[in-house]
Amino acid sequence: MLSSQRFRFDGESTDSETTMYPAPFRYHRAGSADEAISLLAELGDGARPLAGGQTLLVWMKLRFDEPTDLVDIARIPNLSSIEHDDHQVRIGALATHGRIAASPLARLIPIVHDCANGIADRQVRSRGTIGGSLAAGDPSCDWPALLHTLDAEVLCQGPDGERTIGIGDFVEDLYATALQEGELVTGIRFALPPARSAGAYVGFKRCAPAYPTASAGVQLTLAEDADTCADVRIALGSAGLTPIHATAAEAELRGQALNETTIERAAEAAVAASDPVDDQRGSPAFKRAMLRVLVRRAVGIAIRRCNGESVEHSHEYY
Ligand SMILES: Cc1cc2nc3c(=O)[nH]c(=O)nc-3n(C[C@H](O)[C@H](O)[C@H](O)COP(=O)(O)OP(=O)(O)OC[C@H]3O[C@@H](n4cnc5c(N)ncnc54)[C@H](O)[C@@H]3O)c2cc1C
């Protein structure tokens, strides 16, 4: 298995095998999801869907992936909507990070804005898509961790029809997802957070066009008394080979008074659940120290937002 150290494109060196040109490939443009699925089936296992290209083209230049055919799905209509009703949010797979950050949904659910607006720089945000970010199976990508925090479902369509996969079952391993050959992510769905619920997603990174060194997402619901945690979800990004749903950390807060002691216990439990890799962004010890701070910070911002405060926050830089 390739280490994330070799396979990283964020302004730092990769290794001597790095090349600037992809291997030859054929380009196809699909006009609908059905057409893309037929094309992928017809072209076989050398074919890949191309969405924003912000990960796939880098993989191809590094020869990490050498597809024979690219099926461009970026212009398929109806796969980029961002909608919600009183109960549920639905985001099309082709919605870009930039459009999500600027959407009314991001104003309604600040944790969505934290995530979308913190991804890379404006150029990457204007092309990269939420579906591509999930399908890449990269533990450093922000959306998979954020969508664990929101307990999302991934909507998929393939040769055998449509299916829905819980986010916890979607990312299986480093760069490996539950997607089957020729299957597309078509959208993401999650419940609209209830009243007295708010979240925060905090990433720690070197500069804008770099993936986070570590990140933490917290979605918290306050009890009637406003001092007790009724419910919480906590997830970590760049903290292991897959996003980590920190259930033991949640247990430290659920039903408990929210104070320095319980929040510190939750941060400790989150760190204990992490297994960060040693790479150019830092040692496991450094990343664990960051995760402890990020979880505390995300809980603190979530509580303030639950209490009606407007807190502008996104990634932090060092
Ligand atoms: C300089 C730089 C900095 C970055 N920094 C960050 C960062 O800080 N945080 C972050 O989260 N990300 C970061 N990214 C990655 C970025 O978010 C990408 O947009 C995202 O990872 C992939 O989305 P995409 O639409 O570009 O997918 P693509 O590159 O087109 O595809 C990625 C993979 O997913 C597959 N795929 C794409 N869409 C689908 C679909 N709908 N169904 C099935 N398979 C699909 C492709 O076949 C390919 O294997 C960065 C990228 C760059 C170049």
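Domain bounds here come from an automatic or database domain assignment. The model is a predicted one, where local features need pLDDT of at least 70, side-chain atom pairs count only at pLDDT 80 or more, and totals for chains, interfaces and linings use all residues. Residue numbers run from 1 along each chain as its sequence is written.

View 1. The chain is split into domain 1 (26–72), domain 2 (82–191) and domain 3 (197–317). Taken over C-alpha atoms, the centres of domain 1 and domain 2 are 19 Å apart. Their contact (C-beta atoms, placed from the backbone, within 7 Å) draws 12 residues from domain 1 and 17 residues from domain 2.

**View 2. The buried side of α1.** Helices (H or I, at least four residues) and strands (E, at least two) are DSSP runs, numbered from the N terminus. In α1 (residues 33–43), the buried residues are Ala33, Ala36, Ile37 and Leu40; buried means 20 or more other C-beta atoms within 10 Å of a residue's own, exposed means 12 or fewer, and partly exposed is in between, with C-beta atoms placed from the backbone. These four sit on the same side of α1 because they cover an arc of only 100° around the axis, taken from the directions from the helix axis to the C-beta atoms. They pack against β2 (47–50), β3 (69–72), β6 (153–158) and β10 (184–191).

**View 3. The other face of α1, and what follows.** Turned away from the buried side are the exposed residues Asp34 and Glu42. After α1 comes Gly44, with a positive phi near 85°.

Conventions
Contact = placed C-beta atoms within 7 Å.
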